[in-house]
Amino acid sequence: MTTPPFNTVAWFQVGSDQPDSVKTFYNGLFGWNFAQDPDQDSGYDLITYPGNEMPAGGLAHVDDASANHAIFYVLVQDVAATLAAAEKQGGKVFLQPMTAENGLVFAELLDTSGNRFGVFSPPPAN
């Protein structure tokens, strides 16, 4: 798999308290396929779609409808530097940086209109 260019939308996530219904909806509408993420115990499915066998997004199973969401993630070289730059531009940090077990770092921001989006940097190369 080739890494997408930095500063581009490289992942999306849908969160739903009704994941089975959402899977049926997106499968019927766009032909998306869902498979449990092997790196998660449960509660997260990887999304693939026709013509792209690599996952391009995820479905997070959330406990409450108030947590339902659809969000995009931008691949960046340095999450902390991107957060600092966003704040200088008038954005706000919504979710402080977190590091996954594999080393991937992600955070979420609010733009100047309050729209939520995420940024992430890939895990270090082995």
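1. The largest nonpolar core has 10 residues in all: Val74, Val76, Val79, Leu83, Ala86, Val105, Ala107, Leu109, Phe117 and Val119. Two or more residues of this core come from each of α2 (79–88), β7 (105–110) and β8 (116–121). A nonpolar core is a set of buried Ala, Val, Leu, Ile, Met, Phe, Trp, Tyr and Cys residues joined through side-chain atoms within 4.5 Å. Helices (H or I, at least four residues) and strands (E, at least two) are DSSP runs numbered from the N terminus. In soluble globular proteins, nonpolar side chains tend to be buried together.

2. The model is predicted: local features need pLDDT of at least 70, side-chain atom pairs count only at pLDDT 80 or more, and totals for chains, interfaces and linings use all residues. Residues are numbered from 1 along each chain as its sequence is written, and side-chain values use heavy atoms, with hydrogens and water left out.

3. Valine 79 is one of the core residues. Not counting residues up to four places away in sequence, valine 79 touches Pro97, Val105, Ala107, Val119, Phe120 and Ser121; contact means heavy atoms within 4.5 Å.

4. The structure holds six aromatic pairs. Rings of Phe, Tyr and Trp (its six-membered ring) pair if their centres lie within 6.5 Å; planes under 30 degrees apart count as stacked, over 60 as edge-to-face and the rest as tilted. Phenylalanine 25 and tyrosine 26 form an edge-to-face pair, because their ring centres are 4.9 Å apart and their planes stand at 80 degrees. The pair of phenylalanine 72 and phenylalanine 117 is stacked, because the centres are 5.7 Å apart and the planes are at 15 degrees. Phenylalanine 72 lies in strand β5 (residues 69–75) and phenylalanine 117 in strand β8, so this pair ties together parts that are 45 residues apart in sequence.

5. How exposed or buried are these two phenylalanines? Phenylalanine 72 is partly exposed, with a relative accessible area of 39%, whereas phenylalanine 117 is buried at 18%. Buried means under 20% relative accessible area, exposed over 50%, and partly exposed in between (1.4 Å probe, protein chains only).

6. Phe12, Phe25, Tyr26, Phe30 and Trp32 are linked into a cluster by ring pairs. Leaving aside neighbours within four places in sequence, tryptophan 32 is in contact with Phe12, Tyr26, Asn27, Ile47, Thr48 and Tyr49. Tryptophan 32 and threonine 48 are 16 residues apart in sequence, and their C-alpha atoms are 5.8 Å apart in space.

7. Phenylalanine 25 belongs to helix α1 (residues 19–30) and is partly exposed, at 48% relative accessibility. Together with Leu29 and Phe30, Phe25 forms a nonpolar patch on the surface, with about 320 Å² of accessible area together. Patches are made of residues with over 30% relative accessible area and no salt bridge; like charges are joined within 9 Å, and nonpolar side chains (Val, Leu, Ile, Met, Phe, Trp, Tyr) within 5 Å.

8. Two salt bridges are found in the whole structure. A salt bridge is a side-chain nitrogen of Lys or Arg within 4 Å of a carboxyl oxygen of Asp or Glu. Aspartate 45 forms one with lysine 23, the closest N and O atoms being 3.2 Å apart. This pair links distant parts of the chain, 22 residues apart: aspartate 45 in strand β3 (residues 44–49) and lysine 23 in helix α1. Aspartate 45 is buried, with a relative accessible area of 5%.

9. Glutamate 108 forms a salt bridge with arginine 116, the closest N and O atoms being 2.8 Å apart. Glutamate 108 is buried at 5% relative accessibility, while arginine 116 is partly exposed at 32%.

Note on methods
Accessible areas come from the Shrake-Rupley method with a 1.4 Å probe; for residues, only the protein chains shown count as cover.
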